Amino acid sequence: MSDQSPVAIARPTSSVAELNHADPTRAARFDIAGPCGLAANFSRQRYDDAAVDQLFALAASCNFGAALQRQMGGEIVNPTEQRAALHTALRGQPVHTKVADAAFAQAQQARVQMRALYEQLAGSDVTDIVSIGIGGSDLGPRLAVDALAAEQADRRFRVHFVSNVDGAAMGRLLPTLDPARTAILLISKTFTTQETLLNGEIACAWLQAPERTFAITTNASGAAERFGIASERVLPMWDWVGGRYSMWSAVGLPVLLAIGPDGFDQLLEGAAAMDKHALESEPRSNLTYWHALTAVYNRGVLGLCSHAVLPYDERLKLFPPYLQQLVMESLGKSAQLDGSPVVGQTVPVWWGGAGTDSQHSFFQALHQGTQVESMDLIGVLKPAHNYATNHLALLSNLLAQSEAFANGQASTDLHRNYAGNRPNTVIRLPSLTPGTLGALIALYEHSVYLQSVVWNINPFDQFGVELGKRLANGMLPALRGETESSDPVTAYLVSSIRNV
Ligand code: F6P
């Protein structure tokens with residue numbers, strides 16, 4: 001924990017509009033370039049130069065560089081589970097240590113297995129893949145397939161995702177498929193997740209073809225085989241990869257099947273480029289440092305309790321839900337590494353929606369609500385379609401909203417007054433490719449990790465999800481009438497449900 005703290009940083013005295021109008025160089029000075037042509041403009045954040053100096057002093061006293069070295073080198077950065085967090089070794093070798101290099105070698109081997117499975121299925125009658133998983137075993141692959149597959153010229157497989165335990169999800173999908181042309185992937189790091197196992201049972205009973213059923217898990221020796229998936233059809237996952245950081249591993253197999261092995265390689269190369277940028281770039285030219293420190297400033301100095309991610313690209317509409325798990329499951333903690341309570345606030349609520357749809361739903365509150373949110377607006381400069389006017393309109397709306405949030409527009413009529421001073425960052429991608437998507441996602445992964453370093457919390461465990469799961473396991477026999485719930489309200493609700 002550093003002796004510097006976000007709370008010590010001065011609150012701004014000028015508005016965003018005043019800061020930018022007083023200094024025409026700020027827009028360019030706060031525009032930070034990253035790998036794969038990514039860039040982010042932080043000039044519409046509320047910090048002035050003095051606060052930025054304090055933020056980078058905080059980064060220095062927290063020693064961001066050493067923290068990244070520790071994580072990428074395979075040190076135990078997940079102390080409560082005594083694990084490394086080596087998602088970076090799945091896509092490259094940013095730091096050479098015995099542990100990290102061994103992890104990289106295992107990941108390479110798994111990539112060979114994934115390619116071989118692609119070739120095997122491509123040589124068969126299979127046209128549809130059903131990917132069953134939840135959380136980190138679903139959100140990342142689902143985002144990448146939704147973002148990249150539709151525009152893929154030589155697409156070989158259609159990939160369908162089922163995550164919710166609600167049978168409606170499977171019930172809607174299976175009738176649309178031909179079992180003779182379908183393969184099933186059961187993706188679960190632990191292979192103990194109720195939703196995935198229950199949905200897996202339904203899908204396997206429907207498919208009746210074990211030779212076209214595969215699993216991705218760390219639990220090969222036990223649960224997957226007991227489930228009836230022979231070890232030769234199980235691809236590895238490892239406990240040194242967090243679920244919400246796992247799309248770069250065999251958990252990403254649905255992505256590889258949807259965009260092809262070369263496309264998957266490019267996704268990983270983009271992320272690896274961001275790893276190198278995070279590790280090697282000077283602090284003031286380091287996109288991951290700026291993004292993390294901006295989040296710490298908005299939460300720790302301004303006390304903002306919600307952050308909206310607004311991708312102005314239809315293909316990135318699943319990015320906000322993906323980030324909700326990555327950011328909130330990582331940073332939603334109240335205990336420091338030594339078990340003492342955290343100082344100040346940790347993660348705000350992350351949410352969002354695609355532009356321009358969101359402009360016609362929750363933007364009213366973003367502009368004129370009493371609560372101020374911080375925002376990331378994400379634009380893709382070159383589209384994959386030929387509707388040029390639509391694309392110009394999309395970008396013009398992004399720019400207009402960023403300006404309106406920052407500068408507002410005063411009116412004596414409060415109904416028509418725009419207070420502005422809504423801090424926002426504009427992130428730009430030259431185009432949406434596997435490489436730029438990989439780099440974008442890795443940017444947020446590193447930002448999350450660096451925020452955890454400032455707050456001195458463990459971003460790689462998630463004990464908070466266990467109580468609900470345990471209680472749910474106890475509810476099943478209660479709903480079947482086999483047991484009584486000890487909680488009076490639950491007992492009442494169970495009986496009202498059972499008596500319907
Ligand atoms: O319940 C939360 C969680 O444990 C996530 O961290 C994880 O990504 C998800 O469930 C799925 O877990 P698994 O991959 O083990 O099925």
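## The shell around the ligand

How do the residues of the shell around the ligand divide into nonpolar, polar and charged? In this predicted model, the shell is made up of two nonpolar, eight polar and three charged residues. In total, 13 residues surround the ligand, and the closest of them are Ser137, Ser188, Thr190, Thr193 and Glu329.

The space that the ligand takes up is the largest pocket of the model.

## The chain as a whole

The chain holds 17 helices and 11 strands, and its C-alpha atoms fill a box of roughly 70 × 55 × 50 Å when this is taken along the principal axes. Because a compact globule with 500 residues would have a radius of gyration near 23 Å, the 24 Å of this chain agrees with that expectation.

Most residues other than glycine have a negative phi, and most peptide bonds are trans. Against that background, two places in the backbone can be pointed out.

The peptide bond that runs from Gly355 to Thr356 is cis, with an omega near 15 degrees. Thr356 belongs to the loop between strand S9, which covers 349-352, and helix H13, which covers 363-368.

Gln208, although it is not a glycine, has a positive phi of about 55 degrees. This residue, Gln208, is found in the loop between helix H8 (194-207) and strand S6 (213-217).

Notes
Residues are numbered from 1 along each chain as its sequence is written. This is a predicted model: local features need pLDDT of at least 70, side-chain atom pairs count only at pLDDT 80 or more; totals for chains, interfaces and linings use all residues. Side-chain values use heavy atoms; hydrogens and water are left out. A residue is near a molecule or strand if one of its heavy atoms lies within 4 Å of it. On a 1 Å grid over the protein atoms alone, a cavity is a set of points where a 1.4 Å probe fits but cannot get out, and a pocket is an open set with protein on both sides within 12 Å along at least five of seven lines; lining residues have an atom within 4 Å of a point. A molecule sits in a cavity or pocket if more than half of its atoms lie within 2 Å of its grid points. Ala, Val, Leu, Ile, Met, Phe, Trp, Tyr, Cys and Pro count as nonpolar, Asp, Glu, Lys and Arg as charged, and the others, Gly among them, as polar. Helices (H or I, at least four residues) and strands (E, at least two) are DSSP runs, numbered from the N terminus. The radius of gyration is taken over C-alpha atoms; the globule rule is 2.2 Å times the number of residues to the power 0.38.
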